[in-house]
Amino acid sequence: MKQNNKLIVNDVTKIFSQRIFLSRKYFKAVNKVSLEMNLDIPEVFSLVGESGSGKTTLANLILNIIEPDEGDIFFKGRDITKMKSKKDKMAFMKDVQPVFQDPFESFDPMKKVEVFLYETVSNFEIARKRGQAEAIIEKALGMVGLSFNEVKGKYPGEFSGGQLQRIAIARSLAVGPSILIADEPVSMLDASLRISIVNLFKALKEQQNLSVLYITHDLATAYYVSDRIGVMLRGNLVEVGKAKEILDEPLHPYTQFLKQSVLEPDPDKKKLDILQKQEISATEVGEYQKEGCKFSGRCPKVMDICREKEPGYYESPEKEVMVKCFLYEPS
Amino acid sequence: MVKSLVGELVKRDTRFRTGFILMIIIVFMSILSFFSPVDPYSTYYAPVNRPPSLKYWLGTDSRGQDVFWMMTFALKNSIVFGLIAAAVSRLIALLFGTISGYIGGKTDSVLMIINDSFITLPVLLVIILIGMVFRRLSFFPLAIVMGLLGWPWDSRLFRSQILSLKERKLTYTARFSGMSTFSIIFKIYFPHLVPVFLSTFINNMIWSLGLEVTLSVLGLTNLQLPTIGTTIYWANQHQALILGVWWWLAAPIAGAIILFTALYLLSVSINEYVDPRIRYQQGSF
Amino acid sequence: MSLVEISNLSAHYLQRGKKVRAVDEINLQIESDEILGIAGESGCGKSTLLKTIYGYVEPPLYVEKGEVGYNFSNFSVNNIFSLSSLSSIKWKKISYITQGSMNALNPVQKVHRFFLDLWKAHGQNLSLKGFEELLRNRLSYLGLPEEVLERYPHQLSGGMKQRIVIAASSLFNPEVILADEPTSALDVGVQLEVLGLFMKIQKESKNTIIIVSHDMSVLVNLCSRVAVMYAGNIVEVADTRALFKNPLHPYTKLLIESLPKIGGGKELKGIPGAPPNLAFPPSGCKFHPRCPFSSALCIEENPILAEVCENHQVACHLSLRNEEVEAEQ
């Protein structure tokens with residue numbers, strides 16, 4: 001059978017509970033989300049959203065760290081939730097690797113960084129002997145602009161955030177994965193270092209045929225590096241499509257709100273003025289529990305139907321964009 | 001790693017240094033017991049009730065024994081007793097805590113129910129009961145029994161350490177590096193547990209020694225074997241204070257005070273060192 | 001006469017016997033009725049500078065030399081370098097919002113207890129009733145419903161908690177409000193609201209707000225003047241527009257160029273290398289290892305902050321050289 005080289009997330013739902021004093025409220029951290037990435041055509045797909053949008057939960061579902069309550073996730077034709085054997089799980093991890101937000105948390109402060117590099121190479125049986133392992137590690141570090149000599153014998157605390165994150169990425173690359181799941185990989189780094197990591201993702205896509213699922217709340221870097229973008233709000237994917245098309249002219253009112261709220265480092269585009277008294281946004285759990293569209297509480301274009309029913313996905317006629325909003329329902 | 005820990009503490013902490021020195025004195029005394037000219041089980045080989053002198057450094061007791069050499073044996077036996085009890089209880093605590101913490105779920109609940117039942121046991125009464133049933137517990141079995149009863153408090157401690165380590169991103173990195181559960185626990189988690197292991201080890205020694213002295217003074221252990229507790233027992237039996245043979249009581253009590261103080265100082269300074277805030281501030285771990 | 005004058009200030013942390021100079025010979029004049037931004041990346045010393053301005057100097061932080069002079073409306077004072085000194089100033093003339101303070105609200109106490117403690121510590125010249133009225137006015141001024149006083153912190157969103165902190169710090173109408181990364185943990189929509197509040201407070205009470213942020217967009221939008229810090233030094237100070245349209249220091253230039261924008265199409269490059277370890281700073285100008293224009297002079301001498309054009313100061317040998325060349329012509 002032809003190798004199916006896709007990551008398919010199919011109507012996935014994940015329910016969490018929050019205890020507020022004595023009552024327990026359930027909310028859907030991820031609500032019927034579907035997306036597809038074709039690994040034959042490597043791309044950088046950004047999952048964009050604010051806190052509580054469910055983007056990290058979705059990343060953890062794709063990494064098989066947690067299991068969905070409804071829906072399936074297929075990777076290269078295999079249902080990852082049904083992987084039971086160690087062999088299957090190892091094969092999966094060889095193909096799908098994570099990059100986490102805080103590089104200092106990703107490593108063990110008590111161990112030299114090379115420990116994880118060696119472990120990765122030996123456990124996935126990429127190299128048999130020590131000499132081979134070193135060559136592979138050197139190659140992986142080379143892909144991120146470092147050399148083994150710079151890294152050997154040092155503990156995580158001896159590196160800067162930018163360097164350590166590169167080492168973490170090198171470790172993920174050592175197994176030769178098809179896709180990196182990067183959860184806020186640059187939000188803890190300084191602005192001047194962010195661009196170099198984000199440029200690295202671009203380079204890896206072009207040179208190593210690597211796809212990247214880039215999760216972030218920063219629209220600007222998402223615009224800069226992505227091919228496609230998915231915007232998430234309270235567990236729902238509300239707009240999906242080509243990055244520049246969506247961010248140049250957003251269709252969903254929430255995406256429009258995000259774009260309007262993002263401050264720009266340009267004195268000609270100032271956005272602040274004295275705001276009138278405004279109703280403060282509802283607490284997070286409150287918005288989750290809403291019937292209908294989760295943005296209906298704040299949407300400037302809200303209609304009655306938005307408060308009652310959840311919208312479906314509608315395709316925009318001119319662009320390759322799917323929007324979850326009644327405004328675009330074909331009549 | 002232990003060496004560097006000890007080295008740092010000796011340099012920085014006066015308490016640790018003091019405790020360390022006291023401990024060395026005690027260990028030295030214990031080692032002397034191997035060179036003792038007298039057999040610890042023999043009695044009435046020396047003149048009775050002689051006060052400390054140049055010939056008998058700590059005097060002699062009412063059973064005709066040389067108090068000094070008896071103390072070397074007492075200290076040695078007490079330390080060995082504490083070590084065995086602490087080692088047994090640490091291993092059980094580590095095993096219980098790690099399995100419970102890592103696997104979680106129902107296994108965790110069941111193991112913790114067992115754990116908590118052991119906590120509620122009144123240890124002193126249980127051991128007295130065992131002592132009365134088995135007529136004078138001898139040395140090794142008693143140490144093992146102490147070990148079997150002394151683990152539940154600290155297994156929860158290990159469990160919570162494991163629980164927090166499990167949630168840290170470094171666990172995910174380890175898993176995505178292909179490490180097996182065993183590897184993760186042994187290679188990654190256990191080094192993080194070493195400081196806590198050491199400090200609870202010492203605490204446990206203090207606890208089991210204290211129990212041993214209590215039981216011996218009550219006459220429930222093998223009274224022929226010289227330990228701190230049995231020495232006090234015999235001194236009481238022969239009414240040493242009334243007879244004025246104060247050195248017979250002073251020696252084991254002083255030995256106990258020095259030993260417990262040493263252990264306490266070591267434990268307190270390691271405990272403070274173990275506090276992760278201090279460690280991360282220094283960036284050493 | 002400036003509201004706050006910082007002269008030749010140096011402060012360091014003592015870490016394992018080593019001096020880490022987080023604030024290195026800083027000279028800065030802060031005027032009244034302005035919003036000043038302090039920009040810089042992690043480890044540049046901006047938070048430390050704020051601490052010394054507020055007087056929150058406790059070991060392992062020590063002030064080595066220099067002065068901070070305050071010219072408040074009714075009195076002047078110098079060097080309030082300890083928390084306990086002159087508590088009549090703290091919170092009433094100058095207040096300080098630390099990083100992450102919205103998460104420091106006591107989780108087991110309702111919000112009104114926080115304000116009660118505030119009154120007990122700083123508001124004793126007002127009766128409790130007077131204080132409560134002042135509080136109510138301020139809460140409504142900031143758009144907070146009165147019922148937040150009866151809530152616990154975890155029941156409130158990030159934006160609400162930050163508004164409470166802002167309410168507390170602006171309650172007695174201080175002449176200077178110091179804010180360290182006030183919006184870095186907030187979502188974009190909430191960030192906009194919170195920054196709007198700062199602007200509102202400043203416009204109406206005409207006081208001075210000093211904001212520290214690593215996010216240049218925040219500073220561009222909010223501040224009238226921006227100072228850029230690198231490795232403990234101020235490398236450039238100018239009006240916001242001038243700084244962004246005409247950055248003179250290479251670090252500022254490279255920093256601004258590395259910021260992505262929605263709608264921007266250029267290939268961007270970061271700044272090579274990494275900020276220096278302040279325990280072992282490079283010789284001369286601390287930026288020279290990463291500077292594309294560094295010269296022999298830069299390796300030897302640390303440039304001094306000097307005014308190069310109107311209201312635009314920069315600490316760079318290159319700019320000073322250019323100015324001399326221009327002056328000669």
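A polar contact is a pair of N or O atoms within 3.5 Å; within protein, one must be able to donate a hydrogen and the other to accept it, and residues adjacent in sequence count only if both atoms are side-chain atoms. By this rule, 10 residue pairs are in polar contact across the interface of chain A and chain B, both residues at pLDDT 80 or more. The model is a predicted one, in which local features need pLDDT of at least 70, side-chain atom pairs count only at pLDDT 80 or more, and totals for chains, interfaces and linings use all residues. Residues are numbered from 1 along each chain as its sequence is written, chains are lettered from A and ligands numbered from 1 in the order in which they are written, and side-chain values use heavy atoms, with hydrogens and water left out.

The interface of chain A and chain B is described next. Contact (heavy atoms within 4.5 Å) involves 22 residues of chain A and 19 residues of chain B. The size of an interface is often given as the accessible area lost when the parts come together. Buried area is here the accessible area (1.4 Å probe) that two parts lose on being put together, summed over both. Chain A and chain B bury about 1900 Å² between them. Carbon and sulfur atoms carry 64% of this area.

The rule asks for a side-chain nitrogen of Lys or Arg within 4 Å of a carboxyl oxygen of Asp or Glu. Two are found across the interface of chain A and chain B. Glu119(A) pairs with Lys187(B), and their closest N and O atoms are 2.7 Å apart. Arg168(B) forms a salt bridge with Glu105(A), at 3.8 Å between the closest N and O atoms. This pair crosses between chains: Arg168(B) lies in the loop between helix H7 (152-167) and helix H8 (169-176) of chain B, and Glu105(A) lies in helix H3 of chain A. Over all chains, the whole structure holds 25 salt bridges.

Helices (H or I, at least four residues) and strands (E, at least two) are DSSP runs, numbered from the N terminus. Two strands pair if DSSP finds at least two bridges between them. In chain A, eight strands form an open sheet of mixed pairing, in the order E6-E7-E8-E3-E9-E10-E12-E11. The edge strands are E6 and strand E11 (314-315) of chain A, each pairing on one side only. E6(A) runs parallel to strand E7 (residues 179-183) of chain A, and four bridges join them. Within this pair, Val96(A) stands opposite Ile179(A).

Angles run from 0 to 180 degrees between N-to-C directions, and axes are lines fitted to C-alpha atoms, for helices over the stretch in contact. H2(A) lies across E6 and E7 of chain A, at about 60° to E6(A). Helix H11 (residues 253-261) of chain A also packs on the sheet. H11(A) touches strand E3 (44-49), strand E9 (228-233) and strand E10 (236-242) of chain A, and its direction makes about 100° with that of E9(A).

Chain C also has an open sheet. Its eight strands follow the order E6-E7-E8-E3-E9-E10-E12-E11, with mixed pairing. Strand E6 (94-97) and strand E11 (306-309) of chain C stand at the edges with a single partner strand each, so one side of each is left without a neighbour in the sheet. On average, neighbouring strands of this sheet are turned by 20° against each other, direction ignored. Strand E3 (residues 35-39) and strand E9 (residues 225-230) of chain C pair in the parallel sense over four bridges. Ala39(C) has Val228(C) in E9(C) as its bridge partner. Helix H4 (residues 158-170) of chain C packs on the sheet, touching E6 and strand E7 (176-180) of chain C, and its direction makes about 165° with that of E6(C).

Chain C and chain A meet through 50 residues of chain C and 41 residues of chain A. They bury about 4100 Å² between them, 63% of it on carbon and sulfur atoms. Leu192(C), Asn221(C) and Ile262(C) supply 18% of the area that chain C buries against chain A, more than any other three residues. Two salt bridges cross this interface of chain C and chain A. Asp268(A) pairs with Arg241(C), the closest N and O atoms being 2.6 Å apart.
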